[in-house]
Amino acid sequence: MTNVAIIYYSSTGHVHKLAEEAASAAEKAGAEVRLRKVAELAPEAVVATRQEWADHIEATKDVVEVSLDDLEWADVILLGTPTRFGLPAAQLKQFIDTTGGLWFQGKLVNKVVSSFTSTSTLHGGQESTLLALNNTFYHWGAIIVAPGYSDGIQFAPTNGNPYGASHVSNNLVGEPNEENLGAIAYQTRRAVQIATALKVGLAAA
């Protein structure tokens, strides 16, 4: 069985919804799945300035926080984050910065990895955020599996991003649309399929 770790940060729920869809798609593809959030770093006083932020933290309080064991366990790692000035959110980056021990031991080599994001505006940094995450994957020695334009869902009007599934919130609190959910589901299935084939190939080698 292929193990899939879906690790995300979400402040108001958009990335969380994409992560849930990814988890569902991985389970339907026959994978064992761990859905994990990273720790919130923002002070309570800052969170309290946006009711939807506080509400989301309360709504997801039962989601398990990620540990390094989840990375070591996984064959597939999907990272999800909103964009912060064209970069991954600090909360996710802080967790990534704790992976040095695993990296040094070579325990992240050949993991199949992919990423997804959400931005406020159409050109608010989707591509740069996903490409920034790729820099981490290069250092890990992981195998990047992007969706590319390898399926019709990638040509849907609100998708069209070959680097990873993306959602545009338009500064509104609302769920990703069906096209966005279809894109992350496809991206997840593709990653699982490639990881499964890789495991079979390595076992036969």
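Leaving out neighbours within four places in sequence, Asn180 is in contact (heavy atoms within 4.5 Å) with Leu18, Thr158, Asn159, Ser166 and His167. The model is predicted, so local features need pLDDT of at least 70 and side-chain atom pairs pLDDT 80 or more, while totals for chains, interfaces and linings use all residues. Residues are numbered from 1 along each chain, and side-chain values use heavy atoms, without hydrogens and water. Asn180 is found in helix α8; helices are DSSP runs (H or I) of at least four residues, strands (E) of at least two, numbered from the N terminus. Asn180 has a relative accessible area of 3% and is therefore buried. Buried means under 20%, exposed over 50%, and partly exposed in between, with a 1.4 Å probe and protein chains only.

Asn180 also lines the second largest pocket. A pocket is an open set of points on a 1 Å grid over the protein atoms alone, where a 1.4 Å probe fits, with protein on both sides within 12 Å along at least five of seven lines; lining residues have an atom within 4 Å of a point. The second largest pocket holds about 310 Å³ of space, a volume filled by probe spheres set on grid points joined across faces, edges and corners. Its lining has 24 residues, and Leu122, Thr158, His167, Val168 and Asn180 lie nearest its centre. β7 gives the most to this lining, with 3 residues.

The largest pocket holds about 380 Å³. Among its 20 lining residues, Ser11, Arg50, Arg84, Ser120 and Ser169 are the closest to its centre. β3 gives the most to this lining, with 3 residues.
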